[in-house]
Amino acid sequence: MSSTQVATPETSSHDGRQPVRAGRRWRRVPPLVWVFLLVPLAVELAWVFWPALNSFSLSLTKWNGVGAAEPVGLDNYRRMFDDPIVRTAVTNTVIWIVVFGGLSVLIGLGLAVALNRPRRGVGLYRSAIYLPMVFALAVTGLFWRVLYQPGGTVNSALENIGLDGVARQWLADPDTALYAVLVAAIWRQVGYIMVLYLAGLKGCDPSLEEAAAVDGASAWQRFRYVVFPQLRGVNTVVFAITVIDSLRTFDIVWAMTRGGPYNSSQLLSTYMFEQGFTALNLGYSSALAVVIFVLAIGFIITYLVRATRED
Amino acid sequence: MSTTDLSRRRFLAGSAAIGLSGALGGCVGSGGSNDGGGGGGGESAGSSGPLTLQSSAADPQPKAALKAVVDTFDGPETTINTVAVENFRAQLPTYLTSENPPDVLTWYAGSVARDYASEGLLLDVSELWEGDGACAGFSDALRELSTTEDGTQIFVPTHYYWWGVFHRRSAFDQWGIQAPETWDDFLALCETLLGQGITPLTMGTGSTPWMSSGWFDYLNLRINGPEFHLALLSGEHSFDSAEVRAVMDEYAKLIPFIDPNGRSYSWQEAVTPLVQNKAAMYLVGAFFTESVPSDVVDDIDFFRVPIIDDSLPLAEEAPTDGYFAASRTDNPAGAKELMSHLAAPESQEVYVAKAGGAFLPTSTDVDTSGFSPMIQKGITLLEESDQLTQFFNRDSSDELQTTADTALTRFLDQPDQVDDILAQWQQAAEQVFQG
């Protein structure tokens, strides 16, 4: 996918008239089109970028939404180091990225490979696995909350197969709450990743795999050395989506545990929301938002730089 | 051909621009739009611009009740803007500080209102509390609750409710038990019920962890008294003190009696075991009756949380709801007129009748004879009390409430960690009071 994109500018210089035509086209763009382009840009700048920039300056203040914001320098960032809940939230966010990202990609890829070949009823399986994706995260959260209730489906199922000892209050137990939410989130994400990889697998050249099979490569070797390298473009997309989705995870945790019990399933995003909109500590909350932003941007840029360097 | 094409596009662009400006205008503010009217003029001009009532009553019944009350208002034209309570809470500072604020807003009496008043954001409504004003006849407790430190009134309370230990009358009869008189009787009753395989207490602290503050508030009121309680919540005492420790010791005695599944429930879900006679009692606000099936409501009764130290003034939690007005309103006279209407006995009667839940009117002129026996009992309960408190968050702040939620839900799980929990609670509370 990325290889074709990279190739485009090179191939496009094949005829010399191209730049001239592009210039004429540039001038031929009617003013109305500019209006259509600039108005959304202005809206985006005013309602997205400007507030986002404001959160940087807000993060250096103490403000409860009333009166003037009081500048406090880097106090909000210093406070984060002493805040035990931030420590929990950072740990949980790392766990979330690793487990949510790792498992949803592994399972999604596995399902895509398994369901790639045409077989009877394969469409049904694919649709069934993709189906959770159509529900909003908040709805998924509420649905799983019911499953996890004391006396709910999960516990009854465990008791029916003789695992009474394992049954517990999944969302009220600080040891299991985060993982219980993770299961729900992965359940939903897997279908999405599967669809992305299915599309990638459709783009792979089957003759290469056949050739490798003729050469005596095992199924694992064919996947590892022939198919997987061809999925590099999809991998970039999946990686970016997974990191962004993990860092912005908020709704499902809020719907299922609100960061509880006693902050044990707090993520940076939920803690930011709680500080901002329950406690009205808008300065501290903005500082948390800045940290999340830096983390997300850091991950993405590092990865993109590495990915493009390899090209 | 190209010209017609273009003109159609221009039309589209134009309409898009109009739509956009409309959207922008909609975001900026929702107050009355007559700019000239109230700015410098004062109230005597009799400005009659339209009014906006910003309401957090988003549940169907209270929403309909408020609409019914406002429909009978014959003053300036009034629009109700209903906003879900979570958003309302977060946006309240924005509403009050905006150039063109909503004129009248629903909210809570007590420390939250006082905080905004100290910023000069609330309209002085003292005249409603004097002479033949709509609030002049309200009780002294309500007057105190609506008064700022400098002695002006900024709040118009219209209804309140009480907290108590609720139970099903038929279930108590069936089990042959009676409402306990003393704290020891109460603990003994819980022990007996537990022996019979009945969960003595239900409490939903899962998605509504603030419910755990109910018992904390009451035990603190009963053991240390209302004066200490309010001072504690305003940061004058430490949560890591011998007094709070004594409260936690008593709270720990209750933990074995509380339904362990309640840790997964919301307060609404915790009503189910009570209704099904699996749990016997529920310390909750009277608002909970809106979650009780209608054929069971008449079977619900309650008793006062038993007294522990009878040398202390008798306090009850009676969270009070009502209205305040933004000081920047264009139409202060109209805002006061609307608030007078909302506080009038006839309006309160309509509201209480239609809002569901068990609300009490603040006006003594409301005819309460038609109310249910339980509400009558609630009125008596509060009349017999020496002092009324609000609830943990209303007597302090939503921010301090989050520290209580963390400390108390952890305490319910790990009562043996009480020292650590109280130390951390105090640490978190200090952060709140500094911040």
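Reader: What is the order of the strands in the open sheet of six strands in chain B?

Author: This is a predicted model, where local features need pLDDT of at least 70, side-chain atom pairs count only at pLDDT 80 or more, and totals for chains, interfaces and linings use all residues. Residues are numbered from 1 along each chain as its sequence is written, while chains are lettered from A and ligands numbered from 1 in the order in which they are written. Strands are DSSP runs of E with at least two residues, helices are runs of H or I with at least four, and both are numbered from the N terminus. Two strands pair if DSSP finds at least two bridges between them. The pairing in this sheet of chain B is mixed, and the order is S2-S1-S3-S10-S4-S11.

Reader: Which strands stand at the edges of that sheet?

Author: An edge strand here has a single partner strand, so one side of it is left without a neighbour in the sheet. In chain B the edges are S2 (78–82) and S11.

Reader: Which residues of S10(B) are buried on each side?

Author: A residue is buried if 20 or more other C-beta atoms lie within 10 Å of its own, exposed if 12 or fewer, and partly exposed in between, with C-beta atoms placed from the backbone. By that count S10(B) is mostly covered, with six of its six residues buried. Both faces are covered: one side has Thr320(B), Gly322(B) and Phe324(B), and the other has Asp321(B), Tyr323(B) and Ala325(B).

Reader: How many residues of S4(B) are buried?

Author: S4(B) covers residues 156–160. The strand is largely enclosed by the rest of the structure, because the buried residues number five of the five.

Reader: At what angle does H14(B) run to S4(B)?

Author: Axes are lines fitted to C-alpha atoms, for helices over the stretch in contact, and angles run from 0 to 180 degrees between N-to-C directions. H14(B) (residues 345–354) lies across S4 and S11 of chain B. Its angle to S4(B) is about 35°.

Reader: Is Gln348(B) buried or exposed?

Author: Gln348(B) lies in H14 of chain B. Two residues are in contact if their C-beta atoms, placed from the backbone, lie within 7 Å. Leaving aside neighbours within four places in sequence, the contacts of Gln348(B) include Thr158(B), His159(B) and Pro361(B). With 22 other C-beta atoms within 10 Å, Gln348(B) is buried.

Reader: How far apart in space are Gln348(B) and Phe359(B)?

Author: The two are eleven residues apart in sequence. C-alpha to C-alpha, the distance between Gln348(B) and Phe359(B) is 9.8 Å.

Reader: Which residue in S8(B) is the bridge partner of Arg168(B)?

Author: Strand S5 (residues 163–168) of chain B and S8(B) pair in the antiparallel sense over four bridges. The partner of Arg168(B) is Ile300(B).

Reader: How are H8(B) and H9(B) oriented to each other?

Author: The axes of H8(B) (residues 212–223) and H9(B) (residues 225–233) come within 6 Å and cross at roughly 130°. Angles under 35 degrees count as roughly parallel, over 145 as roughly antiparallel, 65 to 115 as roughly perpendicular and the rest as oblique. H8(B) and H9(B) are therefore oblique.
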